[in-house]
Amino acid sequence: VSILGDINDSALMAAVFQRFKPEVVYHAAAFKQVPLLESNPFAAIRNNVLGTFVLAKTAVQYKASQFVMISSDKAVKPCSMMGVSKRIAELVLLALSHDGTIMKAVRLGNVLGSQGSVVPLFMRQIAERGPITVTHPEVRRYFITLQRSLEILLTATASDATRGIYVPEMGHQIKVTDLARYLMRQFAPDSRNRISTIFTGLRPGEKLKEDLIADDESIDSSIGNGLYCLDIPPVCQRELEHEIEILAQSVQHFDGDLLRSTLLNLVPGYISGQSPSSVQPEPKISA
C-alpha cells in the first residue's frame with residue numbers, strides 16, 4: 001500500500017500505524033545529496049532528524065517490534081549537514097530504544113545502482129564520450145551493491161541484538177577515479193584513451209575519504225553474514241529530547257546560530273563546512 005505523506009506529520013504517522021500496525025519499520029526517508037543539504041540546512045535537519053524522531057516515537061507508541069534505519073558512513077566524524085543529521089538520527093534511535101521496540105541503524109557506504117549513485121552519471125558521461133567528472137583525484141569511497149545492502153538489512157532485522165548501530169564488512173575504500181576507469185574498460189574499451197577526466201574540486205561538505213567506525217566506538221560482536229554490532233556510549237533520552245526541541249525551534253525560526261550551537265552540543269566533533277547563519281531561509285511559496 002502506497003501512502004504519500006511527510007514523516008514530520010505526526011497525525012498522519014499515527015493514523016498509518018494505527019491502521020496497518022507494522023511489525024518492522026524500515027526507515028529510508030532521508031535527504032542524501034551532500035552539497036544540496038549544505039545549502040539547505042534547515043530542510044536537512046527537519047527531514048533527517050525531526051522526521052526520524054517523529055517516526056521513531058510513533059513506532060514506540062504503536063509497539064512496532066523493530067525499527068531499522070538506513071544510516072551512512074558520513075555520520076562518522078561528520079563535516080556535512082547530511083552527515084551530522086544522520087549522526088543525530090542514530091542518537092535518536094539509541095535514546096528511544098525500548099524493550100518493546102528494538103531500534104537499529106545500519107551504516108552503509110555508497111550503494112551502487114541506487115538513486116544518486118555516481119555510476120549512472122559515469123555511464124552517461126561514457127556514452128557521451130566524456131568528459132568524466134570527478135571531484136578530486138584522491139577521493140575514496142566505500143561501495144556496496146544494492147543486492148548486498150538488502151542482504152545486510154535482512155541480516156540486521158534477523159539479529160537478536162537488542163539495539164545498536166551496525167556496520168557491514170565493506171573491504172577497502174575504492175578510488176572514484178579507479179571506478180571510472182573500470183567502467184570505461186567494461187563499456188567503452190575502444191575509447192577509454194580518448195575520454196578525458198576533469199577534476200572539479202571537492203564540494204561543500206565532502207571529504208576525501210569516509211570512516212565506518214568513530215573513535216569512541218568499537219566492534220562489540222559479529223552478527224553474521226559480514227555484519228557487526230558496535231559497542232557505543234549510552235545516550236540519555238531526556239537530554240536528547242531536550243536538544244531535539246531546541247533543534248525544532250531553530251528550524252521553525254530559521255535561526256542559524258541556534259542550529260549550529262545545538263548541532264555542536266549533540267555532535268561535539270562536528271566540523272561544519274558552511275555556517276547555517278550564512279544561508280538564506282528557504283523561500284515560502286504562495287499561490
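## A buried charged pair

R87 and E217 are both buried, a term for residues with under 20% relative accessible area, where exposed means over 50% and partly exposed in between (1.4 Å probe, protein chains only). In this predicted model, the side chains of the two residues form a salt bridge, with 3.9 Å from N to O. A salt bridge is a side-chain nitrogen of Lys or Arg within 4 Å of a carboxyl oxygen of Asp or Glu. R87 belongs to helix α4, whereas E217 is in the loop between β10 (197-199) and β11 (218-224), so the pair ties together parts that are 130 residues apart in sequence. Helices (H or I, at least four residues) and strands (E, at least two) are DSSP runs, numbered from the N terminus.

## Basis and confidence of the model

Residues are numbered from 1 along each chain as its sequence is written. As this is a predicted model, local features need pLDDT of at least 70 and side-chain atom pairs count only at pLDDT 80 or more, while totals for chains, interfaces and linings use all residues; side-chain values use heavy atoms, with hydrogens and water left out.

The predictor's confidence in each residue is given by pLDDT, on a scale from 0 to 100. The protein has a mean pLDDT of 88, and 93% of its residues reach 70 or more. Over residues 274-287, however, pLDDT stays under 50, and the model has 18 contacts beyond four places in sequence for this stretch. A contact means heavy atoms within 4.5 Å. Where pLDDT is low, the predicted coordinates should not be read in detail.

## Other salt bridges

Side chains of opposite charge can pair when their charged atoms come close. Under the rule stated above, the count of salt bridges is 15. E138 takes part in a salt bridge with R140, at 3.9 Å from N to O, and in another with K175, at 3.3 Å from N to O.

E138 is partly exposed, with a relative accessible area of 37%. R140 also counts as partly exposed, at 31% relative accessibility.

## The nonpolar core

The largest nonpolar core has 46 residues, of which F67, I88, I244, L247 and L263 touch the most other members. Helix α4 (residues 81-96) provides the largest share of this core, eleven residues. Such a core is a set of buried Ala, Val, Leu, Ile, Met, Phe, Trp, Tyr and Cys residues joined through side-chain atoms within 4.5 Å.

Apart from neighbours within four places in sequence, F67 is in contact with V25, H27, L55, A56, A59, L93, T101, I102, M103 and K104.

## Two further buried residues

L153 lies in helix α6 (residues 146-158) and is buried, with a relative accessible area of 10%. Its contacts, leaving aside neighbours within four places in sequence, are with Y26, V68, I70 and V106. The C-alpha atoms of L153 and M81 are separated by 24 Å, and the two residues are 72 residues apart along the chain.

T135 is located in the loop between β5 and β6 and is buried, with a relative accessible area of 16%. Not counting residues up to four places away in sequence, T135 touches F199, T200, G201, L202, R203 and E206.

## Backbone features in loops

Most residues other than glycine have a negative phi, and most peptide bonds are trans. G130 and P131 are joined by a cis peptide bond, with omega of about 0 degrees. P131 lies in the loop between α5 (118-127) and β5, and R129 is found in the loop between α5 and β5. R129, a residue other than glycine, has a positive phi near 65 degrees.

K21 is not a glycine, yet has a positive phi of about 50 degrees. K21 is in the loop between α1 and β1 (24-27) and is exposed, with a relative accessible area of 60%.
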